[in-house]
Amino acid sequence: AVRVPEGHVSVVPNIFVIRELNLTDSANYLASDNVYAVAEANGWWNATGGEAKFDFTKAYSNGEYGHRYYSGRRWWGAMRLLAPSLTFPMNYTNLRDAAPYPF
């Protein structure tokens, strides 16, 4: 879990949205003690290989349900309404592997 800062919102459109974890910051992050070990044991993440940086969504998510824009369009639409002065891409390749929208 990641704490949403005071005065901010998070959009969770039926897909994992947490990317980075900083478990040394216990005031803002919470996860099982074995979150990294389980991902590595199951081959979802390789700490010593090319994926030295852990991405929770990439490790634990299967991506969008059904089709590519199942969750992304909701996320994009919410961000467009919540932060109209910012520009977010309407199209993307894969929400599991890419992170076009912020947490």
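Ala, Val, Leu, Ile, Met, Phe, Trp, Tyr, Cys and Pro count as nonpolar, Asp, Glu, Lys and Arg as charged, and the others, Gly among them, as polar. In the lining of the largest pocket, nine residues are nonpolar, three are polar and none is charged.

This is a predicted model, in which local features need pLDDT of at least 70 and side-chain atom pairs count only at pLDDT 80 or more, while totals for chains, interfaces and linings use all residues. Residues are numbered from 1 along each chain as its sequence is written, and side-chain values use heavy atoms, with hydrogens and water left out.

## The chain

The chain has three helices and zero strands, in the order α-α-α from the N terminus. Helices (H or I, at least four residues) and strands (E, at least two) are DSSP runs, numbered from the N terminus. The C-alpha atoms fill a box of roughly 40 × 35 × 20 Å along the principal axes. Of the 103 residues in the chain, 29% are buried. Buried means under 20% relative accessible area, exposed over 50%, and partly exposed in between (1.4 Å probe, protein chains only). A contact means heavy atoms within 4.5 Å. Among contacts between residues at least 6 apart in sequence, 51% join residues at least 24 apart.

## The pocket

A pocket is found on a 1 Å grid over the protein atoms alone: a 1.4 Å probe fits at its points, and it is an open set with protein on both sides within 12 Å along at least five of seven lines; lining residues have an atom within 4 Å of a point. The largest pocket has a volume of about 180 Å³, where volume is the space filled by probe spheres set on the points, and points are joined across faces, edges and corners. Its lining includes V4, P5, H8, V11, W75, M79 and F103.

## The cores

A nonpolar core is a set of buried Ala, Val, Leu, Ile, Met, Phe, Trp, Tyr and Cys residues joined through side-chain atoms within 4.5 Å. The largest one has 11 residues: V11, I15, V17, W75, W76, M79, A83, F88, Y92, L95 and Y101. Apart from this core lies another, of nine residues, among them V2, I18, A39 and F54.

Y101 belongs to the largest core. Not counting residues up to four places away in sequence, Y101 touches G72, W75, W76, F88, P89, M90, Y92 and L95.

L95 lies in the segment after α3 (72-82). L95 counts as buried because its relative accessibility is 1%. L95 and K58 are 37 residues apart in sequence, and their C-alpha atoms are 8.7 Å apart in space.

T93 is also in the segment after α3. Is T93 buried or exposed? With 64% relative accessibility, T93 counts as exposed. Beyond its neighbours within four places in sequence, T93 is in contact with R68 and A98.

## Aromatic rings

A pair of aromatic rings is described by the distance of the centres and the angle of the planes. Rings of Phe, Tyr and Trp (its six-membered ring) pair if their centres lie within 6.5 Å; planes under 30 degrees apart count as stacked, over 60 as edge-to-face and the rest as tilted. The count by this rule is 11 aromatic pairs. Two of them are shown below.

| Pair | Centre to centre | Angle of planes | Type |
|---|---|---|---|
| F56 and Y60 | 5.0 Å | 25° | stacked |
| Y69 and Y92 | 5.1 Å | 75° | edge-to-face |

F56 and Y60 both lie in helix α2 (residues 56-60), four residues apart, which is about one turn of the helix. Y69 lies in the loop between α2 and α3 and Y92 in the segment after α3, so this pair ties together parts 23 residues apart in sequence. Y60 is partly exposed, at 25% relative accessibility, and Y92 is buried, at 6%. Y69, W75, F88, Y92 and Y101 form one aromatic cluster.

## A positive phi

Most residues other than glycine have a negative phi. N14, in the segment before α1 (35-41), has a positive phi, near 60°. At 52% relative accessibility, N14 counts as exposed.
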